[in-house]
Amino acid sequence: MAEEMNEFGAGMLYTLEDEEGNEQEFEVLGELEYEDAVYCALIPYYEKEEDLIQDDGEFVVLKKEIIDGEEMLCTIEDDAEYEAVGALFEQQLNAMFEDEDEEA
């Protein structure tokens with residue numbers, strides 16, 4: 001997957017292009033380090049809240065790599081690596097929602 005940065009900081013958006021050349025905007029949900037690499041969890045970005053409600057709630061996990069001197073978000077080819085990192089993101093999200101429930 002190729003990426004193009006649209007915004008910096010919190011709520012960073014990336015335009016990702018799939019293998020067929022289709023583009024979609026994604027928002028960074030979070031980043032984490034795992035075994036000396038940095039990974040990003042992204043969710044589809046929707047301008048209208050109505051569109052967000054119809055989303056399936058799944059997130060995409062991509063690995064940051066330096067290619068030709070540029071930082072890129074790349075597909076994780078190894079299934080075990082993808083599953084391990086995805087599970088870590090799920091743990092972080094669950095913990096975040098549990099903390100919010102306790103505060104309410």
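Below, each label is set against its cut-off.

Reply: One thing before we start: this is a predicted model. The chain has two helices and six strands. Along the sequence they run β-β-β-β-α-β-β-α.

Me: What makes Lys64 and Glu31 a salt bridge?

Reply: The closest N and O atoms of Lys64 and Glu31 are 2.8 Å apart. The cut-off is within 4 Å, for a side-chain nitrogen of Lys or Arg and a carboxyl oxygen of Asp or Glu. The value meets the cut-off, so the pair counts. Lys64 sits in strand β5 and Glu31 in strand β3, 33 residues apart.

Me: Why is Lys64 called buried?

Reply: Its relative accessible area is 18%. Buried means under 20%, so Lys64 qualifies as buried.

Me: Why is Glu31 called partly exposed?

Reply: Glu31 has a relative accessible area of 38%.

Me: What makes Lys64 and Glu71 a salt bridge?

Reply: Their side chains meet at 3.6 Å, N to O. The limit is within 4 Å, so this pair counts too. Salt bridges with shared partners join Glu31, Lys64 and Glu71 into one network.

Me: How many salt bridges does the structure hold?

Reply: It holds three. One of them pairs Lys63 with Glu81, with the closest N and O atoms 3.1 Å apart. Lys63 is in strand β5 and Glu81 in helix α2, so the pair ties together parts 18 residues apart in sequence.

Me: Is Glu81 buried or exposed?

Reply: Buried. Glu81 has 19% relative accessibility, and the label needs under 20%.

Me: Why is the aromatic pair of Phe59 and Phe89 called edge-to-face?

Reply: Take the distance, then the angle. The ring centres are 6.2 Å apart, and a pair needs centres within 6.5 Å. The planes are 70 degrees apart, and edge-to-face needs over 60. Both values pass, so the label holds. Phe59 lies in the loop between α1 and β5, while Phe89 is in helix α2, 30 residues away. Both Phe59 and Phe89 are buried.

Me: How do you know that Glu90 is partly exposed?

Reply: Its relative accessible area is 45%. Exposed would need over 50%, and buried under 20%. Glu90 falls in between, so it is partly exposed. Glu90 lies in helix α2. It also belongs to a negative surface patch with Glu58, Asp78, Asp79 and Glu83.

Notes
Residues numbered from 1 in each chain as written. Predicted model: local features only at pLDDT ≥ 70, side-chain atom pairs only at ≥ 80, totals over all residues. Heavy atoms only, no water. Phe/Tyr/Trp six-rings, centres within 6.5 Å; stacked < 30°, edge-to-face > 60°. Helix = DSSP H or I, 4+ residues; strand = E, 2+ residues; numbered from the N terminus. Buried < 20%, exposed > 50% of the residue type's maximum accessible area, 1.4 Å probe, protein only. Patch = residues over 30% accessible without salt bridge, like charges linked within 9 Å, V, L, I, M, F, W, Y side chains within 5 Å. Areas by Shrake-Rupley, 256 points an atom, 1.4 Å probe, with all protein chains shown as cover. Lys, Arg positive; Asp, Glu negative; His and termini not counted. Charge placed at Lys NZ, Arg CZ, Asp CG, Glu CD.
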